[in-house]
Amino acid sequence: MADITLRKARTLLRKTLDKGRELNLKPLSVIVLDAGGHPLAFEREDGASPGRFKIAEGKAYGAVMLGMGGKAQMARAEAQAYFMAAVNGVYDGKVIPVPGGVLLRDKKGAVIGAVGVTGDTSDNDVEAALAGIAGAGLIGEA
């Protein structure tokens with residue numbers, strides 16, 4: 001299994017937050033998880049609420065554990081609410097199936113982790129995440 005390095009994770013955080021400031025978004029919180037769902041790096045901008053860590057983590061955790069981005073998770077939750085409820089039971093309520101959780105792949109297509117962004121609208125969270133992912137030379141699946 002491929003890994004995401006701490007250096008790449010930090011670059012991804014920086015580029016995501018840069019995009020958020022460029023778009024004049026509300027203060028963002030960003031987490032990078034490895035392929036096992038473990039936190040590698042996290043940053044919360046000044047002014048972001050302290051509860052944002054768990055929201056960012058839940059968005060990313062769902063992506064890496066289910067192998068699908070937040071948009072696909074939300075569609076699945078809308079189509080099969082019972083399935084996502086069961087998944088959340090399996091994962092102790094840690095999955096937040098909304099846009100802002102982005103699956104990370106390397107250039108060969110291997111899953112190497114996920115990113116979770118929260119703080120603005122879900123669509124804006126995704127836009128910032130994808131910019132950060134591209135800036136780190138990775139591929140995102142929203």
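The tour starts with the whole chain and then stops at two residues.

**Before you click.** This is a predicted model, so keep its ground rules in mind: local features need pLDDT of at least 70, side-chain atom pairs count only at pLDDT 80 or more, and totals for chains, interfaces and linings use all residues. Residues are numbered from 1 along each chain as its sequence is written, and side-chain values use heavy atoms, with hydrogens and water left out.

**Select the whole chain.** Colour by secondary structure and you'll find 5 helices and 5 strands (DSSP runs numbered from the N terminus: H or I of at least four residues for helices, E of at least two for strands). Trace them from the N terminus and the order is α-β-β-α-α-α-β-β-α-β. The radius of gyration is 14 Å, close to the 14 Å from the globule rule for 142 residues, so the chain is as compact as a globular protein of that length. (The radius is taken over C-alpha atoms, and the rule is 2.2 Å times the number of residues to the power 0.38.) Along the principal axes, the C-alpha atoms fill a box of roughly 40 × 35 × 20 Å.

As for burial, 43% of the 142 residues count as buried (under 20% relative accessible area; exposed is over 50%, partly exposed in between, with a 1.4 Å probe and protein chains only).

**Select Val115.** Where does Val115 sit? You'll find Val115 in strand β4, residues 111–118. With a relative accessible area of 0%, Val115 is buried. Show what touches Val115, skipping residues up to four places away in sequence, and the list includes Leu12, Val30, Ile31, Val32, Ala129 and Ile133. Try the distance tool too: Val115 and Leu103 are 12 residues apart in sequence and 6.5 Å apart in space, C-alpha to C-alpha.

**Select Asp125.** Hop over to helix α5, residues 122–135, where Asp125 is found. Is Asp125 buried or exposed? Asp125 counts as buried, at 1% relative accessibility. What does the side chain of Asp125 reach? Draw a line from there to the backbone nitrogen of Asp120, and it spans 3.0 Å. Beyond residues up to four places away in sequence, Asp125 touches Leu28, Lys59, Gly100, Val117, Thr118, Gly119 and Asp120.

**Last look.** Show Gly100: Asp125 touches it, and so does Val115.

Conventions:
A polar contact is a pair of N or O atoms within 3.5 Å; within protein, one must be able to donate a hydrogen and the other to accept it, and residues adjacent in sequence count only if both atoms are side-chain atoms. Contact means heavy atoms within 4.5 Å.
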